[in-house]
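Reader: I would like to learn how to read the surface and the core of a protein model. Could we take one feature after another?

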Amino acid sequence: MTAADPALPQAPLPQPPLSEPRRADFERWRRRSRLIRTLRVALPAAIVLIFAGLIGSVAWSTFSAQPRAARVGDEPIKLMNPRFVGRDDKGRAFILTADSAIRDPKDYQRVMLQKPNLVLDENGPDQMRINGASGIFHEQTGKLELSNGVRMADNKNAFATAASLFDTKTGEVVGSGPIQGAGGLGEISAESYGVYGKGDRMVFKGGVRTRLEQKK
């Protein structure tokens, strides 16, 4: 017999089969290794997704809040119990009040009024009161548009009409809507009217009807 040459590669010796407890430990270790490898990939990916979601949420809140803020800023200014005072070109004082007022966002000088009430020359010889359910006051021109159940009254006359335009600078009142009421001479109705001067001259036009009352 010849001795084996130590330089030649040796065939691996067969491994003894694993015992049952060792095989179970090996399977648990292999499953744990797969889980660790999966977590090493999944956890960073989940962190990236969470940060991306947070950034997207913040961006969405910022952009969606901007239009709402703009709309709030564009809302008209509402005044409660406004009060406007001034004098006409004859020196008579007037006071204009209302339940509420809203400035037109497109024209700051245009004020929309609810239940406006104007008093001209209060307690004076030319006192006049005029009010309505709604109105528009033009601060720049001093003109007051009244509509819906307009009522006018001075020391001698009282009238009801659909609409009126009162000029706070001149004290004149004009209207194209029907008017009816009672004056110093009796009852009168017409399709249009005008009050000029200090209220001592009234002009009625269109279908004028009067019922004169004889003074005793």
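Author: Let us begin with a side chain on a helix, where helices (H or I, at least four residues) and strands (E, at least two) are DSSP runs numbered from the N terminus. Leucine 54 is found in helix H1. This is a predicted model, in which local features need pLDDT of at least 70, side-chain atom pairs count only at pLDDT 80 or more, and totals for chains, interfaces and linings use all residues. Residues are numbered from 1 along each chain as its sequence is written, and side-chain values use heavy atoms, with hydrogens and water left out.

Reader: Is leucine 54 buried or exposed?

Author: Buried means under 20% relative accessible area, exposed over 50%, and partly exposed in between (1.4 Å probe, protein chains only). Leucine 54 has a relative accessible area of 51%, and therefore counts as exposed.

Reader: How is isoleucine 77 classed, and where is isoleucine 77 found?

Author: Isoleucine 77 is partly exposed, because its relative accessibility is 44%, and this residue is found in the loop between H1 and strand E1 (78–80).

Reader: Which residues of the largest nonpolar core touch the most other members?

Author: In soluble globular proteins, nonpolar side chains tend to be buried together. A nonpolar core is a set of buried Ala, Val, Leu, Ile, Met, Phe, Trp, Tyr and Cys residues joined through side-chain atoms within 4.5 Å. Here the largest core has 25 residues, and Leu113, Leu118, Leu144, Met152 and Val173 touch the most other members. Strand E9 (143–154) is one of the strands that each supply at least two residues of this core, and E9 gives the most, with four residues.
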